[in-house]
Structures are given as structure tokens and as C-alpha cells.
Amino acid sequence: MVAGGTTMTWTTMTEPSHAAAKAPTVRAGLEGVVAAATRLSEVDGAAGRLTIAGFPVEELAPHASFEETVHLLWHDRLPGADELAQLRDELARHRALPPAVLDLLQAAAADRVGPMDALRMAVGALDLGLSPAERSDPDRLALRLIAAVPAAVAAHHRLTRGLEPVPPDPALGHVADYLRQITGEAPPADRARGLETYLSTVADHGFNASTFAARVVVSTGSDLVSAVTAAIGALKGPLHGGAPGPALETVFEIGVAERAEEVLAAKLDRGERLMGFGHRVYRVRDPRADVLAAAAERLFTAGSGDRELYELARAVEATALRLLRERKPDRRLETNVEFYTALLLHGLELPVELFTPTFAVGRVAGWTAHAREQAAEGRLIRPLSEYAGARGRRWVPVEER
Ligand code: ACO
């Protein structure tokens, strides 16, 4: 609709344009555009390397607790023992959700709102219950966001199943308490370790779409809650954080390795994308896939682990890579982070609907760190567009159209 209630049709919007005759200057999807300098992470797409605040991801993720990764991103160094204890304590104290947010999640569950939409609603209200001074303190908001995102995910998950939310236990670490708030029981050490590795692996990744969205919001002088709410909206899409669920469903649909070729080829014949493969920046294998594959292997091959599923996933991956090479010889499509995210999170007994929200539990560390960096830079992000519409129209009264 345009002013005055007139409907503008798509036909009138696509008349030939003078702009179309100009030399194209648009970089669709901003591909290859460097929009800022950051000390937080470097994605080397040609070499397949990810550096997070100085650490190769394969060095950081298997060792760091999530709190250590948060400190590293915020302060550019690992915390000492006292600093770590203090951050653990501060995050634990910010975990409890404001009652109004719990009510909101209850309403979202009753309305069968999906977990990412429920998280977006809850995060948008996370500054409730704070004083005006606290609301304008970005450090305070950052603690609350990192601490409360997992609490909101877990509470909504339980409410959708008719279960009461489990109140946080400040004696537990961030990751163990996230799993406990989902299941009601403190997790075994290997499961908590598996999730620590996942969360640190995905905590930051250059100028991905959700991080960029957060930085755009902060660059206008807006607040951190608004920035993280926007980031969650961007993360939800299947081309960004929404891929691991479908990736796992494909593995289950295939069922046995012998069917991989038939099922995957049929998907490609229908023009579908294979979820968990391809990346805008990596032209070789995503290094996060190896870190998560190793963590998944540890989990699946230990004791009661489902080794068969792990072997099936490896066979599906090999077939997918071969088919993608055959079908798209000009485009190197390799395994991305989402394929092994799916396998690892399934091994941690997280249900599929929690995969993307759990990505948010990790990436919120990066969003808050980027927000700090962007605020310090203080430069409005405001690119240009090339006009491709009609020109020189003359107004026609509505009764003459
Ligand atoms: N399966 C099949 N074909 C693919 C795939 C795939 N997974 N990925 C890209 N292609 C094809 C495209 O169809 C296109 O073919 P065409 O040139 O014949 O039209 C070609 O490869 C290039 O694709 P682009 O769209 O230019 O690739 P882009 O860099 O924009 O996309 C993306 C990257 C979105 C990740 C894409 O590879 C994809 O959709 N993958 C599946 C979804 C997925 O796994 N997402 C998670 C990404 S990781 C993350 O965000 C955390």
C-alpha cells in the first residue's frame, strides 16, 4: 500500500528503468566486501582456517569452557583463575528469567510458537526488571543476554511439553546448567564437555549474517538487546543457522549407507540444496566441521554411543561430497559446520528443535563482543543501493487508473 490506501501493483513497479542501463555496481549479497576490521575472529576461506581471538579453532574449542571463550572475546585474553571465577559467578547470577519473560514464554508455548521465534520474543524483553541505569549499561546487558538466552531456550522447550521450567542452579557452570535446565538433571561430564566444545566452536565467525545484523543495529547508537534480537532473526533462516535440523533429517531419511546416493541425487534433481554443505566464504572444508566431527566421534564411540549412526553420517557425507563435485564442478562445495553440529547435538541428546537455539546460545558471545567493538568504532553502517526502478512517472488520479 502507498499513502492514501492505494495498492501499488508489482506490474507498475517493474517498468523499464533508466538505471538498468548503467554499468552494474552492485555486489549481490555483499560477497567479497570487507565492511570492517575486527580482532574477534578471522575466517580464511581459501586455507580453511578459523582463528578466534588469536587461537586456531581446533586449539581453543576442545579445551575452553564457554566462560573462558566469553572472557577471551570480551577482553582479548584468557582469564586468570580469579577472573574466571568472577565471570562464572556473574553469569550464574544473571541466569534467572524475569517473571514477565517466563509468562511470555508460557504464552508462546500455548500458541505453539517455534523455539527461535519464542527466543526472539523473550530476548526482546530481557531488559525488563532492570533499572534505567542498568538498562543503559552495555556490560550489564551483555551478561544478562549471555546468561538468559539458554535459560529462555530451556524454559520454552519444557513449557511446550507441559513441563515446569527448571530454575537455574548458580552452583553449576553455564553449560552444565543449560543441559540441566532442559532435562532436569545435571549432565555427565563428557556431555557437558561436548557442548562446551560446540559452543566455543560457533562463538564467533567473522561477519556472518547475524553478527552483521547485530553490528548494523549497534552502529545506529541503538542498544544491545535490540542488536541481539535482530541477530536471532537473522540466525533463524535455513541458509544460516537453520540447517542442522534438516541435515540430520536427511541422514535419518537415508537410514542405511546404500540409500545415500539415491536419496541425495533425488534431492539435487529436484533443485534442492544439501543441508550442511557449501559456504559463502570457505572454498575448502570448514575447519569447524573437523572440530565437531572429532567431538562427535568421541561421544558416539564411547560406551553406549550410537556408532552405527556415526558411520552412516560419514558415509552420507562422502556421497554428498562426491555428488556435489559431479553436479557443480565449477563450485567447490564442502562440508560446513552444520553437518557435524547436527550429529554432535544429537549425540548430546538434544532434540532437533533445539539445534538452532543452541547455536544462538554459543553465538551470543560473539554478538555481544562485536557490539562492543562496533560501539567503540562509532561509525554508522550505511551502504548504498543502486536504483533499479522506474523513473519519471506522472501522477494519475485513482478513478482514472
Ligand atoms: N547443495 C546443492 N547445491 C548448492 C549448495 C548445496 N548445499 N550450496 C550451494 N549450491 C549451489 C547453488 O545452487 C549454486 O548453483 P548454481 O550456480 O547452479 O545456481 C552454486 O552452488 C552457488 O551457490 P550460492 O548460492 O552462490 O552459494 P552461497 O555462497 O550464496 O551460499 C550457502 C552459501 C547459503 C551456505 C549455500 O551453500 C547453502 O545454501 N548451503 C546449504 C544450507 C547450509 O548448509 N547452511 C549453513 C551454512 S553455515 C552457517 O551459516 C553457520
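The shell of residues around the ligand divides into eleven nonpolar, five polar and five charged, where Asp, Glu, Lys and Arg count as charged, Ala, Val, Leu, Ile, Met, Phe, Trp, Tyr, Cys and Pro as nonpolar, and the others, Gly among them, as polar. This is a predicted model, in which local features need pLDDT of at least 70 and side-chain atom pairs count only at pLDDT 80 or more, while totals for chains, interfaces and linings use all residues. Residues are numbered from 1 along each chain as its sequence is written, and side-chain values use heavy atoms, with hydrogens and water left out.

Of the 21 residues around the ligand, those that come nearest are Arg273, Leu274, Phe277, Lys328 and Arg331, a residue being near if one of its heavy atoms lies within 4 Å of the molecule.

A backbone N or O atom of Gly276 lies 2.9 Å from a ligand oxygen atom, and for His240 a backbone N or O atom lies 3.1 Å from an oxygen atom of the ligand. In Asn336 it is an N or O atom of the side chain that is 2.9 Å from a ligand oxygen atom.

As for confidence, the chain averages a pLDDT (the predictor's confidence in each residue, from 0 to 100) of 92, and 93% of the residues score at least 70.

How values were computed:
A polar contact is a pair of N or O atoms within 3.5 Å; within protein, one must be able to donate a hydrogen and the other to accept it, and residues adjacent in sequence count only if both atoms are side-chain atoms.
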